[in-house]
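Colleague: I'm new to this one and would like to know what stands behind the words you use for it. Could you show it to me first?

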Amino acid sequence: MNIDKFKRQHLDILGCIAALRQASQAGVSENAEEIARLIIAMSGVIKLHLAVEDQVLYPALRNSNNAVLARMGTKFQDDMGAIASAYMGFAARWNQADNVAREPEGFRKDANSVLKTVYARMHKEDTVFYPAIEAL
């Protein structure tokens with residue numbers, strides 16, 4: 001299975017996270033418009049990534065002849081539910097510049113927590129999950 005598109009999507013998401021970090025460090029309230037725009041853009045990439053995983057990757061692993069990868073895929077998919085839910089809540093709270101500007105510290109705290117979890121998950125996929133699939 002070719003997982004290059006999943007890796008490229010991770011790079012796109014990491015680029016959005018880096019841009020959010022930069023905008024936040026330059027001033028959350030002052031960059032509220034840019035922060036909200038970046039969250040909207042990142043949400044599009046994340047939603048697409050999750051949909052492709054759910055509709056293509058995980059079913060392919062379940063239907064493979066490799067029981068270890070099938071179980072690994074199920075576990076990764078199950079674990080992603082809470083992470084995706086946390087991210088979608090984050091995005092819904094902070095995709096409007098007024099909300100970001102009104103609560104810069106709330107945004108910063110929420111972003112640090114949620115985006116750290118998203119980053120850790122992508123790192124695990126890149127270092128454990130995808131290499132296991134590629135080893136087939």
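Colleague: Read along the sequence, which pattern does the protein follow?

Modeller: The pattern is α-α-α-α-α. There are five helices and zero strands. Helices here are DSSP runs of H or I with at least four residues, strands are E runs of at least two, and both are numbered from the N terminus. Keep in mind that this is a predicted model: local features need pLDDT of at least 70, side-chain atom pairs count only at pLDDT 80 or more, and totals for chains, interfaces and linings use all residues. Residues are numbered from 1 along each chain as its sequence is written, and side-chain values use heavy atoms, with hydrogens and water left out.

Colleague: How far does the C-alpha trace span along its principal axes?

Modeller: About 55 × 20 × 20 Å. The accessible surface comes to about 7,400 Å² (Shrake-Rupley method, 1.4 Å probe), and 54% of that surface belongs to carbon and sulfur atoms.

Colleague: Where do helix 2, helix 3 and helix 5 bend?

Modeller: Helix 2 bends by about 40° at E53, and helix 5 by about 40° at E125. In helix 3 a kink of about 30° is centred on G81. The bend at a residue is the angle between two fitted axes, one for the seven residues ending there and one for the seven starting there.

Colleague: Why is E125 called buried?

Modeller: Buried means under 20% relative accessible area, exposed means over 50%, and partly exposed is in between (1.4 Å probe, protein chains only). E125 has a relative accessible area of 1%, so it is buried. Its side chain joins that of R121 through a polar contact of 2.7 Å. A polar contact is a pair of N or O atoms within 3.5 Å; within protein, one must be able to donate a hydrogen and the other to accept it, and residues adjacent in sequence count only if both atoms are side-chain atoms. Not counting residues up to four places away in sequence, E125 touches H10, H49, E53, Y58, F76, Y130 and P131, where contact means heavy atoms within 4.5 Å.

Colleague: And N99 and T117: buried or partly exposed?

Modeller: N99 has 18% relative accessibility, so it counts as buried. T117 has a relative accessible area of 37%, so it is partly exposed. N99 is found in helix 4, and its side chain reaches the backbone oxygen of R93 at 3.1 Å. T117 is found in helix 5.

Colleague: What makes N66 a cap for helix 3?

Modeller: A side-chain oxygen of N66 lies 3.1 Å from the backbone nitrogen of V68, at the N-terminal end of helix 3.

Colleague: Which helices do the buried residues of helix 5 pack against?

Modeller: They pack against helix 1 (4–25), helix 2 (32–62), helix 3 (67–94) and helix 4 (97–102). The buried residues of helix 5 include F107, V114, L115 and F129. Those of helix 3 pack against helix 2, helix 4 and helix 5.

Colleague: Which residues touch the most other members of the largest nonpolar core?

Modeller: I39, M42, Y87, F90 and F107, out of 29 residues in that core. Helix 1, helix 2, helix 3, helix 4 and helix 5 each give two or more residues to this core, and helix 2 gives the most, with eight. Such a core is a set of buried Ala, Val, Leu, Ile, Met, Phe, Trp, Tyr and Cys residues joined through side-chain atoms within 4.5 Å.

Colleague: What does M42 touch?

Modeller: Not counting residues up to four places away in sequence, M42 touches I13, C16, I17, L20, Y87 and L115.
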